[in-house]
Amino acid sequence: MSYFSGPVNPEDFDEGYSEENPRKFRLKINLAIFFVVLAALSTTFAANISLNGGQKKEFGQGIYQIKACDQWVGIGLQTAAAPDNAYVGTVKLYGFDPRLCVGRIFRIKLFQSGSTTPLDLYLGKGATSGTDTASVLSLMDTSTPLASSGYTSSAGRTAYENWAYDAVTFVDKYGRNGGYDDGYVAIDYDYPTGVYSFFFTYPRAVAALVTSVTIESAKYN
């Protein structure tokens, strides 16, 4: 079953908002894509991704509003460890409350200056065998509402923390739910901070080229 059986066309996703031109925001659209250009980072990326000893480094974070869920989230990018330290290896989602977004799918894309085509992001599973290049990180808030989920407190964690750990999965470019780890993308949830991290085994987006990020949201069937 494809989780994109509803909105598979980009036009089905929410219209975007740009800090550079807020007049483009269409109020008649109920759900919105909020677009923030990280202009301040564009002149400092080269220095920010100069790594010592192959260590990972976080080099940028934009703040985005998910209109449909009435919440603000942060998106952080982190370079991979050597020998892939020129690439974006991790995408982090800060401040995301899955209780507000049950039944929605999100698409995160990275862009370079002057281009409307998203950068290749990672290698994932192919349609039948082998690998295929993905330019979108698609996330699903798939869990049932917390109140009816049956989760309880355990191991020093609240019922919400245990529920939130399972609430978000990812979807590959063919609409298949990859769960929490398919060997190409892995998800981690940090209980104390509530930060979701998405790791790419084979990253493909060159960090020095990234100047903007978009996030889209839509319902899924």
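Accessible areas here come from the Shrake-Rupley method with a 1.4 Å probe, and for residues only the protein chains shown count as cover. By that method the chain has an accessible surface of about 10700 Å², with 50% of it belonging to carbon and sulfur atoms.

This is a predicted model, in which local features need pLDDT of at least 70, side-chain atom pairs count only at pLDDT 80 or more, and totals for chains, interfaces and linings use all residues. Residues are numbered from 1 along each chain as its sequence is written, and side-chain values use heavy atoms, with hydrogens and water left out.

Next, select residues 210-219, strand 14, where nine of the 10 residues are buried (under 20% relative accessible area; exposed is over 50%, partly exposed in between).

Now select F96 and F106. Their ring centres are 5.6 Å apart and their planes at 85 degrees, so the pair is edge-to-face (centres within 6.5 Å make a pair; planes under 30 degrees apart are stacked, over 60 edge-to-face, the rest tilted). F96 and F106 are both buried.

Finally, select Y165, Y189, Y191 and Y196 as well: together with F96 and F106 they form one aromatic cluster.

How values were computed: Buried means under 20% relative accessible area, exposed over 50%, partly exposed in between (1.4 Å probe, protein chains only). Helices (H or I, at least four residues) and strands (E, at least two) are DSSP runs, numbered from the N terminus. Rings of Phe, Tyr and Trp (its six-membered ring) pair if their centres lie within 6.5 Å; planes under 30 degrees apart count as stacked, over 60 as edge-to-face and the rest as tilted.
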